[in-house]
Amino acid sequence: MATSDVHDPVAVGSRTSVLVRALRNKNYRLFFCGQSISLIGTWLTRVATSWLVYRLTHSAAMLGKVSFAGLIPAFLLSPVAGVLVDRWNKHRVLIATQVCAAIQSASLAVLVLSGRTTIPLLLFLNMFQGLINAFDIPVRQSFVIQMIENRSDLPSAIALNSSIVNLAA
């Protein structure tokens with residue numbers, strides 16, 4: 001950005017319009033809104049689970065174990081899951097992962113509200129979330145390309161997608 005562009009509202013406005021150009025695509029707008037809600041919900045579930053584990057055990061070690069249980073499935077399975085989702089219908093996989101994530105979050109809520117929360121159940125639910133994420137993350141990334149009709153809007157879509165992932169965290 002040139003120094004003179006910093007104070008030029010037309011130049012700044014044109015860069016902003018380039019950034020949000022992908023939102024002209026109806027399907028991408030729907031995806032962007034849905035992904036925003038989903039990612040915020042995923043992070044809320046992660047934070048709530050961590051808080052709950054620490055509240056139940058007062059153990060940083062147990063908190064680490066439960067967090068590890070949620071991350072290791074995605075770490076190990078994402079490369080394989082990425083290859084698989086490239087062969088499957090991405091829209092259906094995305095819906096399946098979202099339904100599974102909703103079930104996981106609802107299960108956590110039921111356990112907490114019923115007073116039946118145990119560390120083994122939290123370990124299982126976090127591992128289940130990691131398994132979901134192993135498929136969800138690669139399918140989200142590749143699904144963006146399918147929604148953009150005009151290829152010149154693709155950099156905008158990728159930038160917005162990355163932004164929402166970082167803003168949700």
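Biologist: Which elements make up the protein chain, and in what order do they run from the N terminus on?
Modeller: The protein chain holds six helices and zero strands. Read from the N terminus on, the order of its elements is α-α-α-α-α-α.

Biologist: Where in the protein chain is confidence lowest, and where is it highest?
Modeller: Across the protein chain the mean pLDDT is 86, with 89% of the residues at 70 or more. Over residues 8–13 the pLDDT falls below 50, and beyond near neighbours in sequence this stretch has three contacts in the model. Where pLDDT is low, the predicted coordinates should not be read in detail. By element, confidence is lowest in helix α1 (residues 9–19), at a mean of 54, and highest in helix α4 (residues 90–114), at 95.

Biologist: Are α4 and α5 roughly parallel or roughly antiparallel?
Modeller: The axes of α4 and α5 lie 9 Å apart, and the two helices pack at an angle of about 155°. Because angles over 145 degrees count as roughly antiparallel, the arrangement of α4 relative to α5 is roughly antiparallel.

Biologist: Is the crossing of α4 and α5 left-handed or right-handed, and how many nonpolar residues does their contact have?
Modeller: The crossing of α4 and α5 is left-handed. By class, the contact of α4 with α5 also includes nine polar and three charged residues, while its nonpolar residues number 14.

Biologist: Is Arg140 buried or exposed?
Modeller: Arg140 has its place in helix α5, which spans residues 119–147. Its relative accessible area is 5%, and since the cut-off for burial is under 20%, Arg140 is buried.

Biologist: Which residues does Arg140 touch, not counting those up to four places away in sequence?
Modeller: One of the partners of Arg140 is Asn161, a residue of α6 that takes part in the meeting of α5 with α6.

Biologist: How do α5 and α6 cross, and which residues of α6 meet α5?
Modeller: The axes of α5 and helix α6 (residues 154–168) come within 10 Å and cross at roughly 150°, which means that α5 is roughly antiparallel to α6. The crossing is right-handed, and by class the contact has four nonpolar, two polar and one charged residues. From α5 come Arg140, Gln141, Val144 and Ile145, and the residues they meet in α6 are Leu154, Ala157 and Asn161.

Definitions and conventions. Residues are numbered from 1 along each chain as its sequence is written. This is a predicted model: local features need pLDDT of at least 70, side-chain atom pairs count only at pLDDT 80 or more; totals for chains, interfaces and linings use all residues. Side-chain values use heavy atoms; hydrogens and water are left out. Helices (H or I, at least four residues) and strands (E, at least two) are DSSP runs, numbered from the N terminus. Buried means under 20% relative accessible area, exposed over 50%, partly exposed in between (1.4 Å probe, protein chains only). Contact means heavy atoms within 4.5 Å. Axes are lines fitted to C-alpha atoms, for helices over the stretch in contact, and angles run from 0 to 180 degrees between N-to-C directions. Angles under 35 degrees count as roughly parallel, over 145 as roughly antiparallel, 65 to 115 as roughly perpendicular and the rest as oblique. A crossing is left-handed if the near helix is turned anticlockwise from the far one by less than a right angle, and right-handed if clockwise. Ala, Val, Leu, Ile, Met, Phe, Trp, Tyr, Cys and Pro count as nonpolar, Asp, Glu, Lys and Arg as charged, and the others, Gly among them, as polar. pLDDT is the predictor's confidence in each residue, from 0 to 100.
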